[in-house]
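Here is a short note for a colleague opening this entry for the first time. Please read the points with the structure in view.

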Amino acid sequence: MSTAACNACAFYEDHAANSAAQLSDAGLCRANPPVTQKDADSRGFWPVVQKNDWCGKFATLFAAE
């Protein structure tokens, strides 16, 4: 049985955080749209999560529409 952790989720992206910086033990959650910022002219950011985090939206496959 697989572990329901972010690094095993179909919506986890582990190569970079909301910039060019590499993350050693974290990645981006792509299950939801980017989170908006306080300033109207600021761009949104994908939530940064740890590899062993988890949530109720865990999915091993991305379902095509």
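1. E13 has L28, a residue of strand 2, as its bridge partner. This model is predicted, and the pairing should be read as part of that prediction. Strand 1 covers residues 12–13 and strand 2 covers residues 26–29; the two run antiparallel and are joined by 2 bridges.

2. Strand 2 is also joined to strand 3, residues 48–50, by 3 bridges, and this pair too is antiparallel. Within this pairing, V49 of strand 3 stands opposite G27. Strand 2 therefore has bridges to strand 1 and to strand 3, given that two strands pair if DSSP finds at least two bridges between them.

3. Which residues make up the largest nonpolar core? There are 5 in all: C6, C9, Y12, C29 and V49. V49 is also the residue that stands opposite G27.

4. C6, a member of that core, deserves a separate look. Leaving out residues up to four places away in sequence, C6 touches Y12, V49, Q50, K51, D53 and W54. Two of the core residues, Y12 and V49, are thus on its contact list, where contact means heavy atoms within 4.5 Å.

5. How many cavities of 30 Å³ or more does a search of the whole structure find? The search finds 1. The largest cavity holds about 90 Å³ of space.

6. The lining of the largest cavity consists of 13 residues, and those nearest its centre are C6, C9, C29, C55 and F58. By class, the lining has 11 nonpolar residues, 2 charged and no polar.

Terms used:
Residues are numbered from 1 along each chain as its sequence is written. This is a predicted model: local features need pLDDT of at least 70, side-chain atom pairs count only at pLDDT 80 or more; totals for chains, interfaces and linings use all residues. Side-chain values use heavy atoms; hydrogens and water are left out. On a 1 Å grid over the protein atoms alone, a cavity is a set of points where a 1.4 Å probe fits but cannot get out, and a pocket is an open set with protein on both sides within 12 Å along at least five of seven lines; lining residues have an atom within 4 Å of a point. Grid points are joined across faces, edges and corners, and a volume is the space filled by probe spheres set on the points. Ala, Val, Leu, Ile, Met, Phe, Trp, Tyr, Cys and Pro count as nonpolar, Asp, Glu, Lys and Arg as charged, and the others, Gly among them, as polar. Helices (H or I, at least four residues) and strands (E, at least two) are DSSP runs, numbered from the N terminus. A nonpolar core is a set of buried Ala, Val, Leu, Ile, Met, Phe, Trp, Tyr and Cys residues joined through side-chain atoms within 4.5 Å. Buried means under 20% relative accessible area, exposed over 50%, partly exposed in between (1.4 Å probe, protein chains only).
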